Amino acid sequence: MAKVDAEAGGNRPRLSLHVPEPRFRPGDTVDFAHLQVPEAGAQPRPDEACPAAETNPLCTDLIRVLGSDNQAHGPWNPNLTPDKLRLILRQMALVRAFDARMYRAQRQGKTSFYLKCVGEEATSVAATHGLDFEDMIFPSYRQQGCLIARDYPLLEMVNQIYSNRADKLKGRQLPILYSARSVNFFTISGNLATQLPQATGFAMASAIKGDSRIAAAWVGEGSTAEGDFHSALTFAAVYNAPAIFNVVNNQWAISSFSGFAGSERTSFAARAIGYGIAGLRVDGNDPLAVYAAERWAADRARSNNGPTLIEFFTYRAEGHSTSDDPTVYRSAEEREEWPLGDPIARLRDHLIALGEWSEDQHAEMDRELAEEVLRTTKEAEKNGILGHGLHHPFHTMFEDVFEELPWNLREQSEQAIRERKIKWPD
Amino acid sequence: MARLDADEDPVSLSEAPARDLNMIEAINEALGIMLERDPDVILMGEDIGFFGGVFRATAGLQQKYGKTRVFDTPISECGIIGVAVGMGAYGLRPVPEIQFADYIYPGLDQLISEAARLRYRSAAEFIAPLTVRSPFGGGIFGGQTHSQSPEALFTHVAGLKTVVPSTPHDAKGLLIAAIEDNDPVIFFEPKRIYNGPFDGYYDRPTKPWKGHPGAKVPEGYYTIPLGKARVAREGEALTILAYGTMVHVAEGVCREKGVDAEIIDLRTLVPLDIEAVENSVRKTGRCLIAHEATRTSGFGAELSALVTERCFYHLEAPVERVTGFDTPYPHSLEWAYFPGPVRMGEAIDKILEA
Ligand SMILES: Cc1ncc(C[n+]2csc(CCOP(=O)(O)OP(=O)(O)O)c2C)c(N)n1
């Protein structure tokens with residue numbers, strides 16, 4: 001047997017391993033011609049209660065509303081009022097202003113870490129507007145836009161980032177890993193994709209109780225490779241959970257391009273097909289399309305038609321975080337050449353085209369927002385910045401491990417307070 | 001010190017009529033009582049619904065409480081525990097079953113990084129009041145994939161409580177307390193003693209629970225507080241710290257050898273009843289620690305360190321550990337692996353001779 005196999009093996013082709021490689025590396029000329037960018041408005045919009053299979057073509061298409069003429073097109077046009085459009089525009093611009101200021105604060109040593117979402121603002125802000133306020137958001141770490149879309153106080157965000165004495169989370173969490181129950185925003189984990197089965201569980205619990213709240217989770221495309229993603233979708237499919245899974249495909253997971261999560265073979269939205277749930281692939285830089293898709297999925301979930309997987313196709317315009325240097329692994333031209341533009345600019349131009357906005361108003365708004373953010377950071381600094389003494393008292397370190405303090409934590413708490421007198425005598 | 005007697009909780013043995021139950025029946029009763037009392041309690045796990053679980057711990061509960069309270073899940077431990085965390089955050093009290101403790105590992109990240117830290121990282125905005133039930137330990141010819149005792153792993157994680165009952169009476173009271181607890185609890189059921197106390201003499205006929213004092217299970221609701229140990233046997237010569245099946249092995253050895261040991265059944269490893277441990281070791285001056293799990297970095301190491309730190313000047317002999325070996329659980333040689341009367345007897349002699 002072994003001998004025959006060895007003989008046959010002599011004629012066989014040699015196997016080779018495929019290791020994905022992105023199209024462009026630093027210094028390369030960028031050409032996104034391979035990306036299929038369909039006409040805005042050309043994608044059909046099935047009824048929210050349709051069988052999941054009817055969405056299969058939309059899993060590889062790209063739902064778009066805003067055309068290059070800056071007008072809204074087609075059946076996915078959510079027909080939002082100018083006021084609502086201006087609100088979404090303002091909140092996206094606020095996210096960008098906040099990111100810029102917090103990035104600087106990190107560089108100035110006021111905090112240890114920050115993480116921007118430049119270019120992806122629509123995927124959080126516009127999507128949140130597609131949900132009801134009662135719906136629970138299970139975010140990853142790049143969804144500061146969800147908080148801003150729900151009017152969460154900027155001051156609380158900065159206090160959290162500075163881990164100061166006013167930080168509601170008692171200085172325990174890495175900056176940007178917010179928790180905001182008051183606005184139905186679930187506490188963020190640093191362990192990727194863990195929020196997905198939790199969102200499914202929340203949605204199932206809501207269904208068990210006959211409630212009307214749904215759950216919406218966000219995850220990066222890189223993190224869809226985690227087992228949690230597949231567990232979450234399996235459970236959601238099996239129990240028809242009222243959940244939405246938003247995959248933010250910003251093309252990069254730190255330095256690994258989306259190919260390492262499997263994008264060379266199919267889209268991320270297409271994973272819905274295997275689970276028999278609805279799937280939508282959406283232009284993530286088109287706030288109207290993002291809003292419409294999230295709203296569609298929310299209506300579908302709320303009417304007991306089950307979960308939806310949405311891929312927001314977008315681009316991470318800046319580094320992964322303050323600890324990252326994207327010039328090492330990707331071409332600097334990518335950002336400029338990105339064929340789907342910038343979500344803020346696209347909505348601005350749409351409003352201008354509608355006669356509801358102007359360049360001057362926009363510039364004025366940006367100035368106001370920058371001032372508001374600056375004012376807020378000054379306010380937060382009164383409560384302290386990271387490592388400058390104005391933190392929570394030591395005993396809080398031992399609280400909330402359990403509901404009640406066991407003997408070992410009581411002893412350790414006393415030790416920390418004793419050590420304090422030696423380490424910091426004043 | 002906590003004792004298995006009436007003064008421990010008012011609705012306990014003295015008042016409510018008690019019957020002899022085995023551990024599975026006691027667990028089933030606890031689950032039924034909690035499903036009845038609290039509409040937020042739900043049970044889920046592989047095969048636990050219609051079938052009632054491979055060990056029958058949930059038998060009849062789906063029929064009685066319906067499919068949205070008691071249901072089967074996909075074979076996805078990550079999903080089971082992750083979903084339970086989300087349900088807990090919503091306000092339910094999920095009681096997920098992991099079919100065997102050996103299969104808890106695919107769900108480990110959701111337990112360790114998520115359930116355990118939800119309260120801490122959200123400054124108590126969100127909690128995960130789940131009780132993960134799982135049969136553990138060997139002695140049923142389960143081979144290396146159905147016999148492990150991973151409890152030490154969980155005791156190392158801040159924010160998890162770890163419970164191991166050793167009698168039907170305790171199983172019911174501790175499980176009810178665990179389900180009512182607002183922290184995530186790992187409830188390890190020593191499957192070797194599901195149907196009868198086991199003294200480690202594998203070649204003798206298995207005794208049923210009937211007639212054992214720990215099998216007297218009061219009807220209705222009662223709790224045994226987490227963090228309270230039980231003196232399973234009073235004695236003067238040495239202290240044996242044990243939990244689960246090993247409590248019975250220790251009792252058997254003391255009976256057979258006529259050793260006047262005090263046996264402390266820890267009941268919960270976290271929170272640990274340090275007072276019960278200290279009081280007994282100070283009294284006897286000698287300490288033996290028994291568990292079925294592998295030796296290196298097992299929970300016995302923690303107990304040994306605590307006893308040494310806190311009772312050193314009362315000790316008249318080095319602390320000894322009786323444990324499983326540092327190998328996987330071997331199928332055909334499981335009785336060579338199991339820390340039974342021979343290993344324990346030797347250790348007792350060594351301690352008493354010192
Ligand atoms: C379980 C886990 N593995 C690895 C990491 C380290 N890590 C942090 S962010 C990141 C990349 C995630 O990329 P993606 O999911 O695409 O999200 P994006 O940053 O693009 O928004 C990695 C590997 C982590 N936080 N958690």
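In this predicted model, A:V282 sits across from A:F312 of strand 7 in chain A. That strand, residues 308-313, runs parallel to strand 6 of chain A, and the two share six bridges. Strands here are DSSP E runs of at least two residues and helices are H or I runs of at least four, both numbered from the N terminus; two strands count as paired if DSSP finds at least two bridges between them. Residues are numbered from 1 along each chain as its sequence is written, chains are lettered from A and ligands numbered from 1 in the order in which they are written. As the model is a prediction, local features need pLDDT of at least 70, side-chain atom pairs count only at pLDDT 80 or more, and totals for chains, interfaces and linings use all residues, while side-chain values use heavy atoms, with hydrogens and water left out.

**The chain A sheet**

**The ligand site**

- There are 15 residues around the ligand, and the closest are A:Y141, A:R142, A:G190, A:S223 and A:W252; a residue is in if one of its heavy atoms lies within 4 Å.
- By class, that shell has five nonpolar, seven polar and three charged residues (Ala, Val, Leu, Ile, Met, Phe, Trp, Tyr, Cys and Pro are nonpolar, Asp, Glu, Lys and Arg charged, and the others, Gly among them, polar).
- For polar contacts, meaning N or O pairs within 3.5 Å, a side-chain N or O atom of A:S223 is 2.5 Å from a ligand oxygen.
- A backbone N or O atom of A:G222 lies 2.9 Å from an oxygen of the ligand, and a polar side-chain atom of A:H320 lies 3.3 Å from a ligand oxygen.
- On its own the ligand has 590 Å² of accessible area, and the protein covers 71% of that (Shrake-Rupley method, 1.4 Å probe).

**The chain B sheet**

- Chain B has an open sheet of five strands in the order 9-11-10-13-14, with mixed pairing.
- Strand 9 (230-233) and strand 14 (320-324) of chain B are the edge strands.
- Strand 10 (238-242) and strand 11 (261-265) of chain B pair in parallel over five bridges, with B:L238 opposite B:A261.

- B:V270 and B:P271 are joined by a cis peptide bond, with omega about -5°.
- A:I176 has a positive phi, near 80°, without being a glycine.

How values were computed
A polar contact is a pair of N or O atoms within 3.5 Å; within protein, one must be able to donate a hydrogen and the other to accept it, and residues adjacent in sequence count only if both atoms are side-chain atoms.
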